[in-house]
Structures are given as structure tokens and as C-alpha cells.
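These are my notebook entries on a protein structure. I set down in turn what I looked up.

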Amino acid sequence: MSVRTIGVVMNGVTGRMGYRQHLVRSVLAINEQGGVTLSDGSRVKLRPVLVGRDAGKLADIAARHGIADLTTDLDAALADEDALIYFDAQVTSARVKAVLKAIDAGKHIYAEKPTAESTQEAVALAEAAAAKGVKNGVVQDKLFLPGLLKLKRLIDGGFFGRILSVRGEFGYWVFEGDWQEAQRPSWNYRAEDGGGIVLDMFPHWHYVLENLFGRVESVYAQAVTHIPSRVDEQGRTYQATADDAAYGVFGIEGGVVAQINSSWTVRVNRDELVEFQVDGTHGSAVAGLRNCRVQHRSATPKPVWNPDLPVTARFRDGWQEVPDNAEFDNGFKIQWERFVRHVLEDAPFPNDFASGARGVQLAELALRSSAEGRRIEVPAL
């Protein structure tokens, strides 16, 4: 069995997601398993070329994992002819310029979402990649969560009958940074640096809704900055100029209504950090990161509203766990493997820059909806 190696320029690996999910749990994990298996049985290993602004942090990561190639010079990394793929996990505000450079260098592009800060820029990236003839993809990891894979299995099997609505709850309390260290970088709370929960999470909700339920046709949202000031990594107080919570209602083709709350200012009183409840004429389901519970119409209780009497039934006891019925690998790693196959043998990869642009469009229209206080139609891109 033949094994070949291709270079992958990885920009932004000093960040939380770039390091943990993409470098360690995806690229290095792929190499540890022997590479990506292609359709002819051959394997492909990935040679990471680390790129970033902080030479010290890059050197530390490279030494920790035995990586030979690192540089603070993106142009030099892109000049590596054996590096076929450019991956970008930088802060959003730096992404467009770097991706355009990589496209111009003829690299195939894989990028974190959102692909840009505006719809215009996101569409321009998709058009530039198409014009250059390079393959392109955007990270859409939530589609590979075990809980949502089980939910998709239910949808495909007709469990719900006609789907009526979707209710999503996402979030947790991000500490302000004064008396406890914040779990997220401070740039997330500065609009001028590409921060904000709408731009961060609504592209996720877009591809989840689009892939599971249908095209998003309208949005009504209220974006809020609940915590007006925070403390950054250097202990300095700064003004939060980006939204830290958003409450959205989405109209989906076929009459499905989705409501999703996104918040970094909520304390968790649910089983998982994200949960989606789907209600249909024949049954309902609640799916999280890993688990999924269902209640069929034949097993639905008949609650009666009576505030004068205590509730004797435990409503959650009437739900049944959906079995795994499969082994679930890391979603980021699965997408990396699929993108490599897409690049090398043209295997399908629907999560392209055009899809990413639709996610940015939804975020942009949601912010406009919040500013104008009205429901906004989502035109097809």
C-alpha cells in the first residue's frame, strides 16, 4: 500500500480552535492513524507548515509535537510547492486577506467559519476561488456531532411526520475576566476585531438549519451586549463593543419555524451546552452534542394545566434515548479527511465557500434585523 505526503499550510494554530481541534485532533491524529485512505486504498499523510505572528508560540507548538516547518512569513509558506492546501483559523478580521493570497498562490483552501465579516467579502472569496479553479471548503463541524447525526437519522427515517418547529438553546457563562479568567479570547467581544456572538454562531445555525430542515427564508433577531465591559488577557479593562447574546427566529422553507437563543451570558440548566428540540406531528426529539432523546406521539402524555396542584409526573421520564448504532469520530477530523479526498480525487464536499457565504449573509441580516427591529427576508445567493 503506497503512502504519500502533502504539505498543509496552517495559519492560526496558536489559537484555541486552530491548535486543539485542527492541528492536534485532526491533522496529527490523521497521521497517527496512518493517513487519509483514498478510494484506491493508498494513504496520504499531512505535513503541517505552521504559520502565525508569534514565533515563540509557534516554536513551542512545533517542539511539543515534533513539527519541522514553521514560519511567521505567510508568503514563504505559500511558496512551498509541496503544500497543496492552505488552512485558515485566524481571527476573522485577518482571514480574507490571507485567503486571497493563498488563492492567488494556487492553493486549495480550507477555512474556519465565518469566511469573512461581510457577505460581500464572503461572496468575493467564493468567486475568487472559482475563478482560480482551486477547491475550497469551510468548517461545518456541528453537522458531525453525534447528537445531530442521530437527529438526521430520525429525519431521514420519517420519525417526525411533518416537522413544525425547532427550538435551540446554546451558550454558557463566559467569565468577565476580573475575578475569574475568561474562557474565550477578548477579541470575541470587540466588533472592530470581528467579534460578536452573531457573527460567530449564526453561520453555524445556518448550515445546521439548511442541511437538516431546509433553506432559511427569513430572520428576526435581537442582538444584545449584556456585559458592557470586560477584562482582557493582560488584565486591562476594555469596552465590549460586540454582542454577547442573540435571540433569533428563523423562517424555513415549508413553514418550519426555528427559534435559537445564543448566549455567552447564560448559566447552563440543560444537559448539554447546545440542545435542539424538534417537534413534529408524529413525534419530538431533543438533540445535544452527543445525545438524542425522542418521544413518539403514541407515548406522549396528556398534561393538564392546574397551578393549584403539584406536578406528579416527571416529564423527562417519558423520553427514550436514541442508541448510537455507530462509532462517532471527531467531527473536525472527519471534515479534514473529506476535504483531502476532495482535493486529491474530487470526492464530494458540499460545504464550500458558497455555503460559507450564505452563513455570513444570515449573520449580517440578523444584525440588520436587530438594528432595524424587523423581520428580514433572506434572498438566495
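**Entry 1: the model.** I note at the outset that this is a predicted model.

**Entry 2: the two domains.** I looked up the domain assignment, which gives domain 1 as 3-141 + 330-349 and domain 2 as 143-326 + 360-376. I found the C-alpha centres of the two domains to lie 28 Å apart. To their contact, domain 1 gives 19 residues and domain 2 gives 18 residues.

**Entry 3: the area between them.** I read that about 1,500 Å² is buried between domain 1 and domain 2, with 59% of this area coming from carbon and sulfur atoms. On the side of domain 1, K113, Q140 and D141 lose the most area to domain 2, and together they account for 35% of what that side buries.

**Entry 4: pairs across the contact.** I looked for charged pairs and found a count of one salt bridge between domain 1 and domain 2. I also looked up the salt bridge of K113 with D200, whose closest N and O atoms are 3.5 Å apart. For polar contacts between the domains, the count is seven residue pairs. I then asked which elements give two or more residues to the side of domain 1 that touches domain 2. They are helix 5 (119-132) and helix 8 (331-345). Helix 8 gives the largest share, four residues. By class, I recorded six nonpolar, eight polar and five charged residues on that side.

**Entry 5: V44.** I located V44 in strand 3, residues 43-51. Is V44 buried or exposed? V44 counts as buried because its relative accessibility is 0%, and buried means under 20%. Leaving aside neighbours within four places in sequence, I listed its contacts as R4, I6, G35, V36, L38, V340 and L344. Between the C-alpha atoms of V44 and A371 I noted 48 Å, the two being 327 residues apart along the chain.

**Entry 6: salt bridges in the whole structure.** I found 24 salt bridges in the structure. Side chains of opposite charge can pair when their charged atoms come close. One of the bridges joins D193 and R190, with the closest N and O atoms 2.7 Å apart. Here D193 is partly exposed at 26% relative accessible area, whereas R190 is buried at 19%. I next looked up D317 and R314, which meet at 3.3 Å, N to O, and both are exposed. R375 and E377 also meet in a salt bridge, at 2.8 Å. R375 counts as exposed at 52% relative accessibility, while E377 is partly exposed at 48%.

Note on methods:
Residues numbered from 1 in each chain as written. Predicted model: local features only at pLDDT ≥ 70, side-chain atom pairs only at ≥ 80, totals over all residues. Heavy atoms only, no water. Domains from an automatic or database assignment. Contact = heavy atoms within 4.5 Å. Buried area = accessible area lost by both parts, 1.4 Å probe. Salt bridge = Lys/Arg side-chain N within 4 Å of Asp/Glu carboxyl O. Polar contact = N/O pair within 3.5 Å; in protein donor to acceptor, adjacent residues only side chain to side chain. Nonpolar A, V, L, I, M, F, W, Y, C, P; charged D, E, K, R; others polar. Buried < 20%, exposed > 50% of the residue type's maximum accessible area, 1.4 Å probe, protein only.
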